[in-house]
Every structure is written in structure tokens, then in C-alpha cells.
Amino acid sequence: MSGPAKEILLEVKNLRMHFPIPAGVLRRRPTAWVKAVDDVSFLIRKGETLGLVGESGCGKTTIGRCVLRIYAPTSGEIFFQQKEIGRLPESEIRPLRRQMQLIFQDPFSSLDPRQTAGSIVAEPLKIHSPATSFERRERVEELFRLVGLEPSMMRRYPHEFSGGQRQRIGIARALAMNPAFIICDEPVSALDVSIQAQITNLLEDLKNRLGLTYLFISHDLSVVRHISDQVAVMYLGRIVELTSWRELYENPLHPYTQALLSAVPIPDPFVEEERARIFLEGDVPSPVNPPAGCNFHPRCPRAIAGCQELSPALVETGHEHRVACIRVGE
């Protein structure tokens with residue numbers, strides 16, 4: 001990074017989120033634990049985007065909900081604007097939520113079908129702002145224009161909008177309180193490919209215009225590439241590789257990242273035909289009983305005996321590139 005380092009807006013240290021599996025007549029005694037997130041650390045600097053990538057069930061959304069304190073973490077620390085929020089009581093968390101917002105994956109189920117689009121966007125203002133009804137209406141009109149919608153659409157209901165328009169309403173709602181940080185939880189995965197590009201471009205434009213910081217959660221590396229400054233690749237509750245998007249695409253080091261990138265289509269039929277695909281055998285292990293050692297070793301084409309014994313930590317390999325693999329550098 002050239003120039004002075006940017007201020008750290010969010011830092012997560014050794015985050016764990018384990019969900020109990022209850023048993024017994026009253027279902028109060030846990031017999032096992034789902035290790036959804038297991039010792040995850042990362043930071044996001046102000047004005048940047050961290051792309052969090054991985055298969056379904058790897059713990060991406062759980063991390064987002066822990067950061068927003070929808071879940072109380074099992075252990076670890078979460079620093080937002082240099083304040084530790086992982087253990088704050090709800091009374092102290094609520095004011096912070098003005099600065100932290102969420103864009104949901106499904107642009108239809110996340111909108112109340114009984115409310116008009118205008119009242120949906122105005123809801124955060126009613127809860128967190130002392131503004132008058134006239135001031136709220138002016139702010140909602142401004143937000144509609146900001147996300148590319150006409151203010152005349154404010155009286156319509158969610159079912160009267162297309163999927164892309166509904167997601168724009170969700171983005172407008174997230175922007176209502178001028179947040180510093182937004183978690184985008186698979187915001188384009190439910191949309192057509194052409195609409196995905198429009199929404200991704202809108203999010204990038206808003207980040208530049210408003211100075212926003214994003215945690216962008218996705219399973220699609222090709223989408224993350226266009227919006228992220230840094231990319232963290234997750235597998236079974238852990239981050240296995242963390243670096244800049246350019247370094248990740250040009251020099252992937254972890255075998256799992258290499259397999260993911262080999263599955264991303266290339267818009268050149270000659271290159272696509274000649275390149276080697278990496279096929280992973282077996283299924284993702286259960287987070288209830290993850291394998292000993294490296295979580296990825298049962299499916300890893302480069303696994304050795306030591307992978308079954310040692311759980312590798314993220315190690316700096318140069319160029320701000322961190323990898324959790326004992327075979328990197330051999």
C-alpha cells in the first residue's frame with residue numbers, strides 16, 4: 001500500500017462462534033457444538049472492501065452477524081472504530097447500529113410486503129432519528145435518487161418492483177442513517193447476471209461517493225474480484241488465505257483457493273479449453289465434527305501426513321499475503 005496507512009475501521013481477532021446442539025427432554029443440555037466460525041482474524045481499513053468468499057455453510061454469514069452483534073460470539077474480540085463491541089450489552093450496541101448496516105441476500109423476503117417502498121426506507125429514520133415526517137420524506141426521496149430509483153415509486157409495494165429494483169430499495173434502507181460500514185451478504189446472488197453487474201457497480205459508486213467501507217460476502221470469486229480491495233477465502237469456519245484481490249488471482253497459494261479459481265469461467269474459449277481444472281474429491285466435512293489438523297486435508301490434492309496433525313495458522317508469505325498451509329513455500 002502506497003502512502004500513509006488508512007485508519008482501521010473494523011478488526012476481528014480470534015473470533016469463534018459455536019452453536020450448541022441440545023438434547024434431553026427439556027433440550028437444555030448440549031451434546032455437541034456446531035463450529036460455524038473457528039478462530040478467525042482479519043481487519044478492514046476505512047474506505048476499503050474486504051471480500052469474504054467460500055462455499056455455502058463455511059461461516060461467512062455467521063461472521064457478519066457476529067460483527068453486527070446479532071449473535072454474541074462464543075469467544076474472540078471485535079473492534080469497531082477502535083471500540084471493543086463483542087461483549088457490549090444490547091443497550092450500548094443499539095446506538096452503534098446506526099454506523100453498521102446490512103444488505104440482505106434475498107431482495108424480496110427482506111422487504112415487508114405490507115409496507116410501501118417509501119415506508120421501508122424510512123423505517124430506520126423513524127427508529128433512530130428525531131426528524132419530522134417532512135424531513136423523513138425529503139431524505140427518502142434523496143435516497144431513492146441516490147440508488148437510481150424515481151421518488152414517484154415510493155408509494156409502490158415490493159411486489160410491484162423487479163428483483164434489481166427491490167435490491168436498490170434494500171440498499172437505500174441501509175444508507176438511511178449515513179453508516180460508515182455496511183455488510184453486503186450475498187447481495188447479488190439472487191439476481192440475473194446482467195442485474196448483478198448493475199448492483200455491483202452501484203455499490204462501488206456509492207463506496208467512492210460516500211466513503212463507505214464494506215464487508216462483501218459472496219460465494220462467487222468473479223463478483224468479489226470487481227469490488228474488493230482484499231479477499232479472504234474461507235473453508236469450514238476458518239480463513240485459509242487472505243490477500244489483495246490482484247495477488248489472489250495472479251498468485252493463489254492455498255490448494256483450496258486454486259481449486260476455486262480453476263472453476264471460474266474465462267471468457268476466452270481457447271484459454272478455457274487448455275487450462276487445467278482442479279476437481280476436489282469428497283464432500284465438505286461437518287462443522288460438528290471437523291477433521292483433526294488442517295480442515296481441508298481430507299480433500300486436498302497436496303495433503304501429506306503432517307496435515308492430519310497440525311492446524312496451520314495464517315502465515316505471512318510476503319506482499320501482505322497470508323496463507324494457512326504447511327506446504328506453502330516448499
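The pLDDT is the predictor's confidence in each residue, on a scale from 0 to 100, and in this predicted model the protein averages a pLDDT of 90, with 94% of the residues scoring at least 70. Confidence is highest in strand β3 (residues 49-53), at a mean of 97, and lowest in helix α10 (residues 269-274), where the mean is 62.

In soluble globular proteins, nonpolar side chains tend to be buried together. Here the largest nonpolar core holds 52 residues, of which Ile171, Leu175 and Leu203 touch the most other members. Beyond its neighbours within four places in sequence, Ile171 is in contact with Ile103, Val147, Ile199, Leu202, Leu203 and Leu206.

Turning to charged groups, side chains of opposite charge can pair when their charged atoms come close, and the model contains twelve salt bridges. In helix α4 (residues 133-146), Arg137 and Glu141 are four residues apart and therefore separated by about one helical turn, and their side chains meet in a salt bridge with an N to O distance of 3.4 Å. Arg139 and Glu142, three residues apart in helix α4, are likewise separated by about one helical turn, and the closest N and O atoms of their salt bridge lie 3.3 Å apart. In this pair Arg139 is buried, at 15% relative accessible area, whereas Glu142 is partly exposed, at 43%.

Helix α6 (residues 193-210) carries Asp205 and Arg209, again four residues apart, and these side chains form a salt bridge at 3.3 Å, N to O. Asp205 is partly exposed, at 32% relative accessibility, while Arg209 is exposed, at 52%. Elsewhere, salt bridges with shared partners join Arg16, Asp38, Asp39 and Arg238 into one network.

Technical notes
Residues are numbered from 1 along each chain as its sequence is written. This is a predicted model: local features need pLDDT of at least 70, side-chain atom pairs count only at pLDDT 80 or more; totals for chains, interfaces and linings use all residues. Side-chain values use heavy atoms; hydrogens and water are left out. A nonpolar core is a set of buried Ala, Val, Leu, Ile, Met, Phe, Trp, Tyr and Cys residues joined through side-chain atoms within 4.5 Å. Buried means under 20% relative accessible area, exposed over 50%, partly exposed in between (1.4 Å probe, protein chains only). Contact means heavy atoms within 4.5 Å. Helices (H or I, at least four residues) and strands (E, at least two) are DSSP runs, numbered from the N terminus. A salt bridge is a side-chain nitrogen of Lys or Arg within 4 Å of a carboxyl oxygen of Asp or Glu.
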